Structures are given as structure tokens and as C-alpha cells.
Amino acid sequence: MNDIALDVLERASAGNMDAFEQIYKATSSFVYNVAFRITRNSADAEEVTQDVFMKIYRNLKSFQFRSAFKTWVYRITVNTAIIRYRKSKKEEKGRVDYDNIIESLPDSRLATEGVSQSDNEARLNALLDMLSHEHKTCLILREIEGLSYQEIAETLKIPVNTVRSRLKRARQALLVKAGRR
Amino acid sequence: MMQCKKIQELLKADYLDGEADPKEEEFIKEHLKQCSECSRLEKELQAQRMLFQGAKRKQVPERIWSNIRDAIVMERLKQEEGLIRGILERLRDLIFARRPAVVLATSLSVIIILAVMATTTIQSRVSLSKQNAAESIAGYSLNSENGYVLYDLGTSIEEYFL
């Protein structure tokens, strides 16, 4: 996600809809994709995206620029998506079939052999579903959105060393689930 | 073996993510050339990473922006309505405020006005009664002088008022 010019933020906080649309265009892909990966559901991802931008709209005036605007957006996105995911999981408790998940875990052919996009998606979702939401969030921000350790730490308000250890544990857990370790 | 454990920890985070410092990275690369166990782990981690990197980014549905825009317009309208309602409520409060001092002053004013009106009315009725009484006693007296008494209601008190 690119940084957004200060004047755009100021105009948006003054109620200018064109400026707010610029913010939306610059950040919506991140918001939607992170929401989709955390919730694993496009309807939930849509709802989260709308919620995130309404929160940004309502709170832009009080945004103090103590942190980078994009870090603020990351944080709102992750928090809103996790809340939505927990709510959905409560509603659909018992829906996940762990045997199917383990069967669909990736194998080493994946990197070298042609695997269809939908298979890849299914395996990725299955993998992510095996992790705790803390580990999953770290992995999504790092692997899919390419955030640095520092950015992840600021987004999740945790020390950099915690980011490091969560990534290690998440990767180790995925290797174990895939039967490689 | 101890060295492998440390390197494997680095492989799962800093090395894989490009966050290791150059010296560390160089050292690990040299180790991987010699250690099949660590080298195998590195390959597995890279394969895992390919899965994430192969994930297609989702296109944001266009309807989301129009929904957000509509929601903002609705919210602004509600805020404006709220503002107008707020002004009207403040005006109403100013006009019909139930402040103790105002209530007391108003009540006292009403009591005083009612008392003055009542006093005036009573006084005018009393003076009329006196006049009527005087007239009737005078009438009876006149009749007494003529020796034609219908009712003899005169008393010493009535005479006193005459």
C-alpha cells in the first residue's frame, strides 16, 4: 500500500468525498484481501471492508498522525476482520472438517508442478484455517501483503521479537501439519 | 548440531523474510551448502512460501464503494437532521425551561394577581351589601313611620349602620 499525501488526508477529513475516494482506491485492495484471508469468506470480506472505511470516515478527523496512516488502516482492518471471523466461527461452529483439511494440505509438488489456482486457493485456506488467528494474521501480513517485521509489529502493537516468534511457530506448525516435520 | 538448531530458527524467520543482517545471511548460505538437513528445511520453507505467493489477489467488488458512499450520504443526512433537531430542542428548552427560580417567580406572580383580584371583588361585594342593607332598613323605617309594617327586621346593629 502506498502512502497517501497529507493534503488528501486533510481534504478527506474535512468531508471531501473525492479525497476520500482517493484513499479508498489506494487502500481498498489491501483491506479487502486481508479481510478475505482472515475471514475466508467473500461476503464477510465485503462487510469488513465497508466497516473499515466507515470507521476511517468517522475517525479521520481525530486521526493524530502519531502513526503512519497506512499502519492505522492496517490495524483497523486486522481488528475488524478478526472480530468478524470470530463472530462467523461462532455462528458456524462445527462446520470445519479437519480430516478434509489435512487431506488438502500442500505437498512438495506444489512449487514445481502445475497446480490449478483453485487447488492452490483451497490448500492455502485450509492451511490458514489450521493456525491460531495470531499466527495466521502475522503470516498473511508477511507473506501475502509483504509487510516488514516493523510494520507488522506496529499494526498488531506487539514487539518485533513477538512477530519473529509468531512467524517461526506458524511456519513450523504448517510443516508439521503437512507431515514434513 | 547446536549450530543447525540456531540456523533452522533463523531459516524460519529472518533468513526467509530477508530480515537477517548480511553477515548472518552469508554465514547461513555457506552452512546450507554443507548441511543437507538444513538445506532440506530451507527448500520446504521456500515451497510453503510459493503457496502464499501463488495466491491470487482478489479484485475488490465495485459495489463496495457505492455502498460506502451511500452509507456516508445517509450518515451525513442523519447528522444534519440531528443538528436541526438539536437546535429546536434547545429553543424549546429555553422557552419552556423548568427552572426552580422561574417557576417560583411565576407562581408568586399568579398568587399575587389572584389575591389582588379576589380582594377587589370582595370589597365591591361588601360595599354593595352594605348599600342594600341600608336601603332595606331605611325602607322598613319609612314603613314604620307610616304605621304600615310588613316585616320588622330592624335591630340596634342595623340602626347603628344607618
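Chain B has a secondary structure of 6 helices and 0 strands, where helices (H or I, at least four residues) and strands (E, at least two) are DSSP runs numbered from the N terminus. Followed along its sequence, chain B reads α-α-α-α-α-α. The model is a predicted one, in which local features need pLDDT of at least 70 and side-chain atom pairs count only at pLDDT 80 or more, while totals for chains, interfaces and linings use all residues. Residues are numbered from 1 along each chain as its sequence is written, and chains are lettered from A and ligands numbered from 1 in the order in which they are written.

Of the 162 residues in chain B, 11% count as buried; a residue is buried if 20 or more other C-beta atoms lie within 10 Å of its own, exposed if 12 or fewer, and partly exposed in between, with C-beta atoms placed from the backbone. Among the contacts in chain B with a separation of 6 or more, 49% join residues 24 or more positions apart. Two residues are in contact if their C-beta atoms, placed from the backbone, lie within 7 Å.

The contact between the chains draws 33 residues from chain A and 28 residues from chain B. On the side of chain A that touches chain B, at least two residues each come from helix 2 (17-39), helix 3, helix 6 (109-112), helix 7 (117-129), helix 8 and helix 10 (160-177). Helix 10 of chain A gives the most to this side, with 7 residues. By type, the residues of the side of chain A that touches chain B are 15 nonpolar, 9 polar and 9 charged. Here Ala, Val, Leu, Ile, Met, Phe, Trp, Tyr, Cys and Pro count as nonpolar, Asp, Glu, Lys and Arg as charged, and the others, Gly among them, as polar.

Within chain A, helix 3 (residues 42-59) packs with helix 4 (residues 69-91) at an angle of about 140°, their axes 9 Å apart. Axes are lines fitted to C-alpha atoms, for helices over the stretch in contact, and angles run from 0 to 180 degrees between N-to-C directions. Helix 3 and helix 4 of chain A are therefore oblique to each other, given that angles under 35 degrees count as roughly parallel, over 145 as roughly antiparallel, 65 to 115 as roughly perpendicular and the rest as oblique. The contact includes D44(A), E47(A) and V48(A) of helix 3 of chain A, and V73(A), I76(A) and T77(A) of helix 4 of chain A. The residues of this contact between helix 3 and helix 4 of chain A divide into 6 nonpolar, 3 polar and 5 charged.

Helix 8 of chain A (residues 133-144) is mostly covered, with 9 of its 12 residues buried. Among these buried residues are H135(A), C138(A), L141(A) and E143(A). Just after helix 8 of chain A comes G146(A), with a positive phi of about 70°.

Next, helix 9 of chain A (residues 149-156) has Y149(A), I152(A), E154(A) and T155(A) as its buried residues. Their cover includes helix 4, helix 8 and helix 10 of chain A. A153(A) also has its place in helix 9 of chain A, but counts as partly exposed because it has 19 C-beta neighbours inside 10 Å. The C-alpha atoms of A153(A) and C138(A) are separated by 9.1 Å, with the two residues 15 apart along the chain. Neighbours within four places in sequence aside, A153(A) is in contact with I158(A), P159(A), V160(A) and V163(A). After helix 9 of chain A comes K157(A), with a positive phi near 55°.
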